[in-house]
Amino acid sequence: MIPGKDTQVGKAEPPKEKYGNFAIFDVEHFLRKIFKNWYWFVFMFLIGYALSWVYSKYYAQNVYASNLSLSISNNTSSYFTPNQSINFIWGQGGNQDGVYLKKMLFSRSHNEFLVKNLDLFVNYSTKGLIKSTYLDKTDSPVFLEIDKKHLQQINYPITLLPKGNGTYEVNLPEEGQSTSLYSYESEGFQNINAYARPTNKIIRVNEWYNSPNLRFKLVQNPATPKIKLDNIIVNLAAINQSVNDIVSTINVDFDKEISTIMIITKKGYNLNSTVNFLNTSVEELQKKRLADRNTVDKNTEVYLKGNLEKIRAKLDSSANVLNYLKTSEKLYNIKDRDEKSLEKIKDLEAKKADIVSKISSLNNIKNTLQSQNFDKMIATNAAGFEDGMFSATVSELKALYTKKAEMALIYKPTSEPMKEINRLISEAKTGSFGSLKNYYTKYYDEINNLDKQVAEANSDLSSYPEKERRYLDAERGYNMIEATYNSLLGRQNETQIKVATNQSDITVIDPAKNLGQGPISPNIKMAKTGIILFMLLLPVVFILIGSLLDNKIRNIKELLGATKIPLLGVIGNNTNENMLTVLEQPKSSVSEAFRGIRASVRFLMDNNDEKGKIILVTSSIGGEGKTYISINLASVLGLSDKKTILLGMDLRKPKIFGDFKIDNKYGISNYLTGEVDIDQIINKTKIPNLDVATSGPIPPNPSELLMSKRNIKFLEELKEIYDFIIIDSPPVGLVADSYELMKYSDTNIYVVRHEYTEKYMLKMITEKYHNNEIDHLGLIYNDYNTKQGYGYGYGYGYGYGYFDEDKNYKEPLLIRVRNRMQRMFNKK
């Protein structure tokens with residue numbers, strides 16, 4: 001690029017404080033490192049694939065799920081449906097039987113029943129070389145049956161090794177025996193005295209194994225398992241633990257179209273276990289549901305039977321009185337009977353008798369609620385009504401009393417949880433008794449109305465003589481008792497029919513089956529992908545961290561954007577053993593780059609002065625190549641027929657003499673101290689127009705010598721003799737000598753080395769440049785690898801036979817593939 005400060009007309013210059021500030025993260029460099037380290041990604045991919053394979057084969061525990069769908073009949077609510085009334089209480093509707101059944105499936109009582117009766121607290125598994133596999137009870141050749149009266153150690157693996165002929169070796173862990181043992185009768189822990197580890201023992205089927213912490217026997221599986229097992233591992237669990245584990249794996253959903261269809265899902269590590277559990281669980285629910293429905297109807301039947309017996313006795317007594325009046329008083333044939341009024345009174349009193357019977361049933365229900373004897377509750381239809389709200393509140397009240405009894409074992413009566421449960425009980429009682437009060441009011445209002453109508457009808461019979469009226473009253477009493485008897489008899493028949501025809505309202509549509517369903521989790525494909533991606537991410541993270549911590553200059557565009565200092569040229573990597581690249585490799589791309597710099601340098605100079613021009617070369621620190629740049633820039637100027645001298649003014653670290661094979665016994669330091677004359681420090685080289693003045697011995701005061709008047713006079717004298725004076729000066733990042741020398745130079749070159757110079761080192765030189773403290777400054781980007789392809793336009797000769805390096809150049813694979821495809825298409 002053409003050197004010069006960025007001073008564009010009409011364009012605001014960016015704030016000076018922004019100069020020298022580099023981006024924290026270089027995306028281009030990061031991506032380049034990603035591609036450069038491709039082999040790490042291949043390696044990590046292979047490791048990730050191997051790990052995912054091992055995980056899926058030996059460590060992943062598959063989780064299976066089986067489903068069971070069932071239908072629930074409508075209008076089958078009873079008092080024995082815990083929590084069914086929750087929706088009613090909160091004013092909601094919906095499938096109440098489904099809600100109840102769902103609660104039952106998750107209830108502790110139901111699952112505890114299954115755990116105890118199916119021995120679900122005994123867990124079976126088998127272990128391969130690495131992976132353990134969970135078994136269903138039916139997969140084991142023998143079942144472990146514990147002595148529930150004996151204390152047992154839970155969560156203690158018991159390994160059974162088949163030895164043939166119905167014998168098994170009981171192998172217990174080397175450590176882990178506990179003195180805190182579990183009682184399956186009290187469902188609690190008890191402590192025993194310390195004991196020695198139980199020894200391994202071979203036992204036969206149906207033979208008891210006895211130890212301080214275990215007592216069990218093996219029972220032969222009546223079915224022959226499909227899989228032959230080398231070992232069976234049995235773990236005992238506490239009842240509560242087993243119940244909680246089961247509840248956590250159950251899920252219940254309702255069909256979106258038909259709310260009475262329920263879909264129950266059970267998850268587990270063994271598919272057969274989930275199938276067997278679901279089918280058994282629903283079978284028990286069907287039995288329990290049928291028993292719940294029969295309980296209320298049977299209670300009603302007993303209640304009605306007792307009342308019928310009482311009414312029958314009254315009916316017989318009333319019949320005797322009526323017969324007596326007929327025979328003794330001869331009143332069976334009353335003349336001029338008002339049959340119409342009598343029939344009306346009979347109907348009214350029959351209705352009254354029915355309502356009185358309902359009130360009696362209502363009293364029974366009320367007394368049962370007050371005594372909290374819910375198991376004796378009769379059906380509400382015995383009291384002449386069907387009230388879902390009342391049934392719900394009663395069932396809720398029963399559930400709350402049960403819950404209160406459980407909480408009383410944990411909380412104090414004055415605790416907040418107990419206060420809350422008492423409040424809920426009070427609300428439920430208010431709701432249930434409120435409903436009964438409404439029916440009492442209704443029935444008494446109906447009786448009062450009937451009494452008025454009977455009184456009106458009686459007025460028509462007031463003309464009868466006393467004897468006839470006495471007979472009519474007896475007849476009316478008999479009719480009323482008979483009506484009550486008939487009403488109760490009708491209800492008894494209804495109840496008996498219900499008891500005889502009752503069936504469970506749960507109908508299984510699709511039972512759970514083992515259809516070879518695949519596991520629902522873990523997602524092996526996703527797990528494999530996750531493991532591989534994680535392994536691939538590791539090198540990305542390391543490269544990212546390295547890029548964030550890396551503060552070196554790697555990007556020419558970023559360098560120029562941050563410093564806004566003109567770029568004189570880019571020097572490629574030096575493959576020569578010494579620093580005389582221009583002399584020994586004149587046809588190389590590096591030599592050509594120095595020729596380009598020679599042209600660019602002239603744009604920085606003021607050409608008004610006819611004297612020689614001083615070019616000062618410096619850098620931030622040592623090792624950035626300022627001496628290399630100085631030598632080759634001087635060489636290329638000398639070869640261009642310009643009388644040039646190279647001055648080694650880095651008095652602290654002299655270098656130049658070695659490459660030109662010059663004796664450094666006398667140099668600039670000797671001259672500046674007055675030990676020698678100027679002629680004694682100027683050395684000829686094989687380039688006729690290039691002379692060299694080495695640094696000489698390292699002086700104790702290099703800064704004072706460089707800033708001395710003798711040195712300034714020395715430079716002025718050289719300007720009269722040479723066209724160009726190249727100064728290899730000290731690094732500005734270490735000492736301030738070069739800043740002082742810049743006052744006398746015509747051009748200042750600052751060397752930045754690729755992937756070596758730190759970004760923060762450029763801040764000072766950048767600020768001085770933009771504060772106009774340094775003029776005629778340009779950058780040279782050194783040691784740049786042209787094969788990296790920054791896209792800046794340098795290193796263009798590779799691959800075209802233009803420079804000497806092209807004979808060793810090999811195109812990248814992608815370029816070769818592209819070129820071959822282009823040639824193939826061009827042939828067509």
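**A friendly walk through this model**

1. Let us begin with how the chain meets itself. Among the contacts in the protein with a separation of 6 or more, 78% are between residues 24 or more positions apart. Please keep in mind as you read on that this is a predicted model.

2. Next, the overall make-up. The protein has 828 residues, and 45% of them count as buried. Its secondary structure consists of 23 helices and 23 strands. The points below pick out a few of these elements.

3. Which residues does the UniProt record mark as a "transmembrane region"? The annotation, from an unreviewed entry, covers residues 38–56 and 530–549. In the model, residues 38–56 are 100% helix and 0% strand, with end C-alpha atoms 27 Å apart. Residues 530–549 are likewise 100% helix and 0% strand, and here the end C-alpha atoms are 28 Å apart.

4. Helix α1 is worth a look too. This helix spans residues 27–36, and its buried residues are His29, Phe30, Arg32 and Ile34. What covers the buried residues of α1? The cover includes α2 (38–59) and α12 (524–549).

5. Now turn to a pair of helices, α15 (residues 589–604) and α16 (residues 626–639). Their axes come within 9 Å and cross at roughly 75 degrees. That angle makes α15 roughly perpendicular to α16. On the α15 side, the contact is made by Val590, Phe594, Arg595, Ile597 and Arg598. On the α16 side, Tyr628, Ile629, Asn632, Leu633, Val636 and Leu637 take part.

6. Charged side chains come next. Side chains of opposite charge can pair when their charged atoms come close. The structure holds 23 salt bridges. One of them joins arginine 215 to aspartate 147, and their closest N and O atoms are 2.8 Å apart. Arginine 215 sits in strand β11 (residues 214–220), while aspartate 147 belongs to the loop between β4 (142–146) and β5 (158–164), so the pair ties together parts that are 68 residues apart in sequence.

7. The side chains of aspartate 451 and lysine 352 meet at 2.8 Å, N to O. Aspartate 451 lies in helix α10 (residues 416–459) and lysine 352 in helix α8 (residues 339–371), so this pair ties together parts that are 99 residues apart in sequence. Aspartate 451 is partly exposed, with a relative accessible area of 30%. Lysine 352 counts as partly exposed too, at 22%.

8. Glutamate 420 pairs with arginine 423, and the closest N and O atoms are 2.5 Å apart. How are the two placed along α10? They are three residues apart, which means that about one helical turn separates them. An α-helix has 3.6 residues a turn, so residues three or four places apart point the same way. Glutamate 420 is partly exposed, with a relative accessible area of 36%, and arginine 423 is partly exposed at 38%.

9. Helix α5 (residues 108–117) brings two topics together. Its buried residues are His110, Asn111, Glu112, Leu114 and Val115. Glu112 is also part of a network of salt bridges with Lys116 and Glu187. Just after α5, aspartate 119 takes a positive phi of about 55 degrees.

10. That leads to the backbone. Most residues other than glycine have a negative phi, and most peptide bonds are trans. Asparagine 206 is not a glycine, yet its phi is positive, at about 70 degrees. You will find asparagine 206 in the loop between β9 (201–204) and β10 (208–211). Glutamate 755 also has a positive phi, near 60 degrees. Where is glutamate 755 found? Its place is the loop between β22 (747–753) and α22 (762–770). Glutamate 755 is partly exposed, with a relative accessible area of 28%.

Definitions and conventions. Residues are numbered from 1 along each chain as its sequence is written. This is a predicted model: local features need pLDDT of at least 70, side-chain atom pairs count only at pLDDT 80 or more; totals for chains, interfaces and linings use all residues. Side-chain values use heavy atoms; hydrogens and water are left out. UniProt positions are given in the numbering used here, feature names are shortened, and annotations may be inferred rather than shown by experiment. Helices (H or I, at least four residues) and strands (E, at least two) are DSSP runs, numbered from the N terminus. Axes are lines fitted to C-alpha atoms, for helices over the stretch in contact, and angles run from 0 to 180 degrees between N-to-C directions. Angles under 35 degrees count as roughly parallel, over 145 as roughly antiparallel, 65 to 115 as roughly perpendicular and the rest as oblique. Contact means heavy atoms within 4.5 Å. A salt bridge is a side-chain nitrogen of Lys or Arg within 4 Å of a carboxyl oxygen of Asp or Glu. Buried means under 20% relative accessible area, exposed over 50%, partly exposed in between (1.4 Å probe, protein chains only).
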